[in-house]
Amino acid sequence: QVQLVESGGGLVQAGGSLRLSCAASGRTFSSYAMGWFRQAPGKEREFVAAISRSGGSTYYGDSVKGRFTISRDNAKNMVYLQLNSLKPEDTAVYSCAATPLYGASKYPYWGQGTQVTVSS
């Protein structure tokens, strides 16, 4: 089992950048593939990015490709999401999640989320 806590959200102007962090508890962090998701008010949860257990493979949702970068540091039990060229439509609560299987659609473990607000 793994517990996740996100940080780094905030208010930023369009075109700006943020770096989100997700701290994981437990000694088995490297056993999990990690993902970032977001949910805007009144909208369904949207997949943002995922990274394999080793960090050697990543993939992204179409709306963030080329602007966001996911990374992880297994020695520190951390996963990151670098958000660049932010747009107002990126405003949402961003959550990290963990799954035993890279590429899986189901993530059993979730953090509480961090708010990102992009002003125009």
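**Reading salt bridges, a disulfide, a sheet and a core**

Me: Arg-38 is buried, with a relative accessible area of 6%. Which residue forms a salt bridge with Arg-38?

Reply: A caution before the answer: this is a predicted model. Now the general idea. Side chains of opposite charge can pair when their charged atoms come close. Here the partner of Arg-38 is Glu-46, and their closest N and O atoms are 2.8 Å apart. Glu-46 is partly exposed, at a relative accessible area of 29%.

Me: How many salt bridges does the count come to?

Reply: Four. Another of them links Asp-62 to Lys-65, with 3.2 Å between the closest N and O atoms. Asp-62 counts as exposed, at 66% relative accessibility.

Me: What do the side chains of Asp-90 and Arg-67 form?

Reply: A salt bridge, at 2.7 Å from N to O. Look at where the two residues sit. Asp-90 is in the loop between β8 and β9, and Arg-67 is in the loop between β6 (58-60) and β7, so the pair ties together parts 23 residues apart in sequence. Asp-90 and Arg-67 are both buried.

Me: Which residues do shared partners join into one network?

Reply: Arg-38, Glu-46, Arg-67 and Asp-90.

Me: Next, the disulfide. Which residues form it?

Reply: General idea again: a disulfide is a covalent bond between the sulfur atoms of two cysteines. This structure holds one. Cys-22 pairs with Cys-96, and the sulfur atoms are 1.9 Å apart.

Me: Why is the disulfide of Cys-22 and Cys-96 right-handed?

Reply: Read the torsion about the S-S bond. For Cys-22 and Cys-96 the angle is about 50 degrees, so the disulfide is right-handed. Then place the two ends. Cys-22 belongs to strand β3 (residues 18-24) and Cys-96 to strand β9 (residues 92-99), so the bond ties together parts that are 74 residues apart in sequence.

Me: Is Cys-22 buried or exposed? And Cys-96, buried or exposed?

Reply: Cys-22 is buried, with a relative accessible area of 0%. Cys-96 is buried too, and its value is 0%.

Me: On to the sheet. In what order do the four strands stand?

Reply: The order is β1-β3-β8-β7, in an open sheet with antiparallel pairing. From one strand to the next, the twist averages 15 degrees.

Me: How many bridges join β3 to β8?

Reply: Six, and the two strands run antiparallel; β8 covers residues 78-83.

Me: Last, the core. Which residues have the most contacts inside the largest nonpolar core?

Reply: In soluble globular proteins, nonpolar side chains tend to be buried together. The largest nonpolar core here has 29 residues, and Met-34, Trp-36, Leu-81 and Tyr-94 have the most contacts inside it. Strands supplying at least two core residues each are β3, β4 (33-39), β5 (46-51), β7, β8, β9 and β11 (114-119).

Me: What does Leu-81 touch?

Reply: Leave out residues up to four places away in sequence. Leu-81 then touches residues including Leu-18, Leu-20, Trp-36, Val-48, Phe-68, Ile-70 and Tyr-94. Trp-36 and Tyr-94 are, with Leu-81, among the core residues with the most contacts.

Conventions
Residues numbered from 1 in each chain as written. Predicted model: local features only at pLDDT ≥ 70, side-chain atom pairs only at ≥ 80, totals over all residues. Heavy atoms only, no water. Disulfide = S-S within 2.5 Å. Buried < 20%, exposed > 50% of the residue type's maximum accessible area, 1.4 Å probe, protein only. Pairing = 2+ DSSP bridges. Axes fitted to C-alpha atoms, helices over the stretch in contact; angles between N-to-C directions. Core = buried A, V, L, I, M, F, W, Y, C linked by side-chain atoms within 4.5 Å. Contact = heavy atoms within 4.5 Å.
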